[in-house]
2 protein chains.
Amino acid sequence: MELNLHSEPNGFSEAHAKGKHVVIIDVLRASSTIVHACENGVERIIPVAQVEDATKLIPTLDRKKTLLGGEREGKKIEGFDLGNSPIEYARNVVKGKTLIFSTSNGTVAIAQSSPADEIVIGCFLNVSAVVKHVLAARPKKVAILCSGNLRQLSLEDFVCGGLMVRKLEESFRGKLTLNDAAVAASALAESMDDVGGVVRISSHGQVLAELGFADDLEFCSKIDKYDTVPIVADGRISTQGSNRR
Amino acid sequence: MELNLHSEPNGFSEAHAKGKHVVIIDVLRASSTIVHACENGVERIIPVAQVEDATKLIPTLDRKKTLLGGEREGKKIEGFDLGNSPIEYARNVVKGKTLIFSTSNGTVAIAQSSPADEIVIGCFLNVSAVVKHVLAARPKKVAILCSGNLRQLSLEDFVCGGLMVRKLEESFRGKLTLNDAAVAASALAESMDDVGGVVRISSHGQVLAELGFADDLEFCSKIDKYDTVPIVADGRISTQGSNRR
């Protein structure tokens, strides 16, 4: 199996996604929020790049069953129901709802991955579930795409990707070919094994703490809290067809 | 001091270079060849992006005092005097000569760094000399730009950059602000301290070994072999003004 990790989406093109199973990681916070919302029974998530795309969608949907969520510069978008704090996406808020979701980094990575055989959403919350799900498909090629922050490597995404590489290395029975970024991330995940500390010292983690989201950092650092594996299909995210409990 | 590392040139724009001291790393093999050629007395190196740029320059220069060097896909360019193997650039070959030099990755990074306050060329061969040189300028902002390979992170460049971060951390007396990639590379350089092994397992190292350049890998893995710090100024590389012995 060929396993490539990409430290941020710049060098990742649609050609890199073609014929692959792609795991998209945005630990702070899009992936963590998506996984938590799916765990809490959200019916589907519609990721959109621009705020205008979200407001255009609203009249086509039942507003009572629809939530608008997302952030710009870490803060809730004006007029939206929810921000990008996973803790906001409680069961009584999201169950059975459609969530229109727009974030700075995560949606870009999803768009670039569109030609993939399958796209799943991963973070620390579901590391082992993602690995189990990917291996069950017996893919020939896997790409782990870290969303990064403002087109640069994000420590928390890179370490989370490295942890997935390590778990894939442990579980895969056969020849595994890693690219350099996968080798680097794997070694880093071994040496930086205090995930809570990694998230706190990351530049994005520090910005979020200053904005008052310290609780989110702790929440997003929990390894294997959930078995949920959100899947992106036809531009929608849901747990349909995944190994959700 | 602000210290940013960039794992490859994609996310690095001219805006990132402005007002900074930039260290360009291309361990395999452009940086290593440039450092070795400078150590061996080459008068100046003219980096060019395209082969055509090199052939256009030739009639404007004294051919007897000019060498054409470089590679495409690791191999010597047809009609050129030398490839990109540092070992070819011996003292009796390069001393007093002008070298027109074109490589796949390194010249891109040099072009993107042009607005910098200073650009120097680094690799394992001159890690400590580069750190000493950079610190002597008392810069406020330093960027370490890894050339990478085909727009992806290269293990050998990332670890070499991390080693420079570590040495800057040890030597700098004052507050040092690192970006996430610098934190990651520094931790990786600490955990992957067998540089020869890093270079051999890197994807580019493996390709070069298959092409018959295993000796180059060993050569490029030698830490602090030289004190030479090549400087890029007005599109030319030389040791003028550097702390060359």
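**Exercise 1. Polar contacts and salt bridges between the chains**

Find how many residue pairs are in polar contact across the interface of chain A and chain B, and how many salt bridges the rule finds there.

*Solution.* Start with the rule: a polar contact is a pair of N or O atoms within 3.5 Å; within protein, one must be able to donate a hydrogen and the other to accept it, and residues adjacent in sequence count only if both atoms are side-chain atoms. Across this interface, 6 residue pairs are in polar contact, both residues at pLDDT 80 or more. Next, a salt bridge needs a side-chain nitrogen of Lys or Arg within 4 Å of a carboxyl oxygen of Asp or Glu.

A word on the model: it is predicted, so local features need pLDDT of at least 70 and side-chain atom pairs count only at pLDDT 80 or more, while totals for chains, interfaces and linings use all residues. Residues are numbered from 1 along each chain as its sequence is written, chains are lettered from A in the order in which they are written, and side-chain values use heavy atoms, with hydrogens and water left out.

**Exercise 2. The surface where the chains meet**

Work out how many residues are in contact, and which elements give two or more residues to the side of chain A that touches chain B.

*Solution.* First, contact means heavy atoms within 4.5 Å. By that rule, 24 residues of chain A are in contact with 24 residues of chain B. Second, take the buried area, which is the accessible area (1.4 Å probe) that two parts lose on being put together, summed over both. Here that area is about 1700 Å², and carbon and sulfur atoms give 56% of it. Gln152(A), Leu153(A) and Asp180(A) supply 32% of what chain A buries against chain B, more than any other three residues.

Third, look at the elements; helices (H or I, at least four residues) and strands (E, at least two) are DSSP runs, numbered from the N terminus. Helix 7 (155-171) and helix 8 (180-191) of chain A are the ones that give two or more residues to this side. The largest share, 7 residues, comes from helix 8 of chain A.

**Exercise 3. How the copies are related**

**Exercise 4. Backbone angles to look for**

Which peptide bond of chain A is cis, and where is Arg138(B) found?

*Solution.* In chain A, the bond from Leu28(A) to Arg29(A) is cis, with omega near -5°. Arg29(A) sits in the loop between strand 2 (21-25) and helix 2 (30-39) of chain A.

Now turn to phi. Arg138(B) has a positive phi, near 45°, and is found in the loop between helix 6 (127-136) and strand 8 (141-146) of chain B. Asp234(B) has a positive phi as well, near 50°, and its place is the loop between strand 10 (231-233) and strand 11 (236-238) of chain B.
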